[in-house]
Amino acid sequence: MQEKLIAGLTSSYGSLLGQQYLKWLRMPPSYLRVMQSIDFRGGMYAAQQIKANQQIMLISTEKCFTSVEFVGCDTRKQQELQTIASQIAHKICGEKVEQQYLVTGLLKIIMQIFVHQKDQSLTHSPFANMIQPPNTPLLWPQTVIDLISSRNLANLIEGTLLQCQSMYNELQLSKVYGLSALDFLKLFQAVRSQLICFNPQKPKYFDMQSVQIVSPLVYQFDHSFDPNCYLDGCYLSHENMSFVDFTAKKLIEPGDKLTINYGNLSNHDLLMRHGIIVDDNPFNEMPIDLDFTSAINFTEQLFEQKQKWLRQSEITNIERQILFTNKINVQLLQYLRIYFLTEQEFSINPNLEFNSFLSKISEENEMLVKQFMIKHIKNALSTYKQISKPIGKELQDLYKIQKDEMTILQNNLTFFSK
């Protein structure tokens, strides 16, 4: 079963790299352990019934790039990469600890791959050469970029490119030479797309809260919001080896595709990170910009009282709000009811509290909210460019993203029109 799995996997990397990969995985000790019968044909499929909680596969972290261990590097190189990654993450993320941790791990893996690509004597070199970026908007041709009318997607691309440029500049200042800006962008995209984070139940280092893993085997499991497999980690002390553990989450029948959850992400984020889009994605959302200049006269009415209510709200930037596909942004609706409240309405009902605005205050107030949102949603809908007969994956993905956004806008327009 293991031979069949490996042979299938190597076909996706081409003959030369496939042979290297096959040789690399066969190296002793047992780096890859397949406990269930699996077929590979553009993904991983169960060739037999797999019961819930059965182990499917173990892959040694010696055959992964991780944010914890530097395999194949000497101590001096490990310390050097660790220090550079930590300093850059601190400079870019400031005191945001969680972001610091993620960026540090990302940079550590990127630099490991770069070092291993340049030094063929290191044990990871075949794997390093196989890390390829997926087709995401960061690498789309300019002809497709010019067709983007989704402001959200354009902002995501611009923000990610700026982040990449900032990291690259810091690497140059740290004298990590030999890596071009384009090479770094491709490595960044490749690592980010394959980066899996999980909390091992039996970690080697008990003070580590989570581990970041990049492995070509991990990425063969397709994404699903309702996956039939999950990842764990374990350290077998009697073998002195750490493993990524793939286990069945529920009963898997023969022919079922093996899936894991890459994250409960919108199609915007799935496309940016992994180059994939999910039909009828329940996590789809989009920001919309709101302009209050035409309603400035409502700002002055009951200003102090409105500020007191709004301090109880979790909204931080009212001019940029999130719209959802299958539900209404209740906080936004509550804020707008407060904003358009008049002195006359308050004099009639002086006992209004913050939670009172979860319901309709008056017909007049509701009409102002309705007109305000209808105007902004229609303005947003009018900005989209028509993509006729999308040919090629980039145009098809762009068409789907814009269709998702227009569906969100249309659903919200229907709600406010009622």
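# A tour of the predicted model

The protein has 15 helices and 13 strands, taken as DSSP runs numbered from the N terminus, with helices being H or I of at least four residues and strands E of at least two. This is a predicted model, in which local features need pLDDT of at least 70 and side-chain atom pairs count only at pLDDT 80 or more, while totals for chains, interfaces and linings use all residues. Residues are numbered from 1 along each chain as its sequence is written, and side-chain values use heavy atoms, with hydrogens and water left out.

## The whole chain

Start with everything shown. Taken along the principal axes, the C-alpha atoms fill a box of roughly 80 × 50 × 45 Å. Of the 418 residues, 50% count as buried; buried means under 20% relative accessible area, exposed means over 50%, and partly exposed lies in between (1.4 Å probe, protein chains only). The protein exposes about 20,900 Å², and carbon and sulfur atoms supply 51% of that area, computed by the Shrake-Rupley method with a 1.4 Å probe. Among contacts (heavy atoms within 4.5 Å) between residues at least 6 apart in sequence, 72% join residues at least 24 apart.

## The largest pocket

Select L102, R192, L195, C197 and R273. Among the 32 residues that line the largest pocket, these lie nearest its centre. A pocket here is found on a 1 Å grid over the protein atoms alone, as an open set of points where a 1.4 Å probe fits, with protein on both sides within 12 Å along at least five of seven lines; lining residues have an atom within 4 Å of a point. The space in this pocket is about 920 Å³, a volume being the space filled by probe spheres set on the points, which are joined across faces, edges and corners.

Next, colour the elements around the pocket. At least two lining residues come from each of α4 (97–118), α7 (151–173), α8 (181–194), β6 (196–198), β9 (229–236) and α9 (267–274). Helix α4 gives the most, with six residues. By class, the lining has 18 nonpolar, nine polar and five charged residues. In this count Ala, Val, Leu, Ile, Met, Phe, Trp, Tyr, Cys and Pro are nonpolar, Asp, Glu, Lys and Arg are charged, and the others, Gly among them, are polar.

## The second largest pocket

Now select P134, Q194, Y219, Q220 and H274, which lie nearest the centre of the second largest pocket among its 21 lining residues. Elements giving two or more residues to this lining are α5 (125–130) and β8 (222–223). The volume is about 400 Å³, and the lining divides into 11 nonpolar, eight polar and two charged residues.

## Salt bridges

The model has 10 salt bridges, each a side-chain nitrogen of Lys or Arg within 4 Å of a carboxyl oxygen of Asp or Glu.

Go to E170 and K91, a salt bridge whose closest N and O atoms are 3.3 Å apart. E170 sits in helix α7 and K91 in helix α3 (residues 75–93), so the pair links distant parts of the chain, 79 residues apart. E170 is buried at 14% relative accessibility, whereas K91 is exposed at 56%.

Move on to R320 and D289, whose side chains meet in a salt bridge of 2.7 Å, N to O. R320 lies in strand β13 (residues 320–324) and D289 in strand β12 (residues 285–289), so this pair ties together parts 31 residues apart in sequence. R320 is partly exposed at 29% relative accessibility, and D289 is partly exposed at 29%.

Then pick E366 and R337, which form a salt bridge of 2.8 Å, N to O. E366 lies in helix α14 (residues 363–381) and R337 in helix α12, so the pair joins parts 29 residues apart in sequence. R337 is buried, at 6% relative accessibility.

T342 is buried, with a relative accessible area of 17%. Apart from neighbours within four places in sequence, T342 contacts F298, Q301 and L302.

Two further stops concern the backbone. Most residues other than glycine have a negative phi. N53 is not a glycine but has a positive phi of about 75°; select N53 in the loop between β3 (44–46) and β4 (55–60), where N53 is exposed at 59% relative accessible area. D280, also not a glycine, has a positive phi of about 50°. D280 is in the loop between α9 and β12 and is exposed, at 75% relative accessibility.
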